[in-house]
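Me: I want to learn how to read a few features off a structure. Can we take them one by one?

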Amino acid sequence: AAPATAQLPYLLGFAGWAVASAVLVVVRSRMMLSLGLLAGEVLHSDLLTRVLAAPLSFFDVTPRGRVLSRFSREMLTVDVSLPSALQTY
């Protein structure tokens, strides 16, 4: 019984490290999620403001489909690619 009792502090230490690691992973994931959502919200607001503030001549020469496609492509980049890129670091 003595060797098992001697290893108990090490076992508790490893268990503590495992729990702390799991908590930090959850905190990091939640932080990346909230930052990604915030970035998407800010970009959407800025893009919409700039598109709505564009002069009418812009809409005369630019097809609606091109504006919509570019808008959705930028939003896809921020919503999908940015959070996954941030999680790699």
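**Reading the features**

Reply: Start with Glu74. This is a predicted model. In it, Glu74 has 27% relative accessibility, so Glu74 counts as partly exposed.

Me: Which residue forms a salt bridge with Glu74?

Reply: Take the general idea before the case. Side chains of opposite charge can pair when their charged atoms come close. Here the partner of Glu74 is Arg70, with 2.9 Å between the closest N and O atoms.

Me: How are Glu74 and Arg70 placed in helix H3?

Reply: They are four residues apart in helix H3, which means a separation of about one helical turn. Arg70 is partly exposed as well, at 48% relative accessibility.

Me: How many salt bridges does a search of the whole structure find?

Reply: One.

Me: Now Thr62. Is Thr62 buried or exposed?

Reply: The cut-off for buried is under 20% relative accessible area. Thr62 has 14%, so Thr62 is buried. Its place is in the loop between helix H2 (56-61) and helix H3 (64-87).

Me: What does the side chain of Thr62 reach?

Reply: The backbone oxygen of Phe58, at 2.9 Å.

Me: Last, the surface. Which residues make the nonpolar surface patch?

Reply: Met31, Leu35, Leu38 and Val42 make the patch, which covers about 340 Å². Take Leu35 as the example. Leu35 sits in helix H1 (residues 2-52). Its relative accessible area is 41%, so Leu35 is partly exposed.

Note on methods. Residues are numbered from 1 along each chain as its sequence is written. This is a predicted model: local features need pLDDT of at least 70, side-chain atom pairs count only at pLDDT 80 or more; totals for chains, interfaces and linings use all residues. Side-chain values use heavy atoms; hydrogens and water are left out. Helices (H or I, at least four residues) and strands (E, at least two) are DSSP runs, numbered from the N terminus. Buried means under 20% relative accessible area, exposed over 50%, partly exposed in between (1.4 Å probe, protein chains only). A polar contact is a pair of N or O atoms within 3.5 Å; within protein, one must be able to donate a hydrogen and the other to accept it, and residues adjacent in sequence count only if both atoms are side-chain atoms. A salt bridge is a side-chain nitrogen of Lys or Arg within 4 Å of a carboxyl oxygen of Asp or Glu. Patches are made of residues with over 30% relative accessible area and no salt bridge: like charges are joined within 9 Å, nonpolar side chains (Val, Leu, Ile, Met, Phe, Trp, Tyr) within 5 Å. Accessible areas come from the Shrake-Rupley method with a 1.4 Å probe; for residues, only the protein chains shown count as cover.
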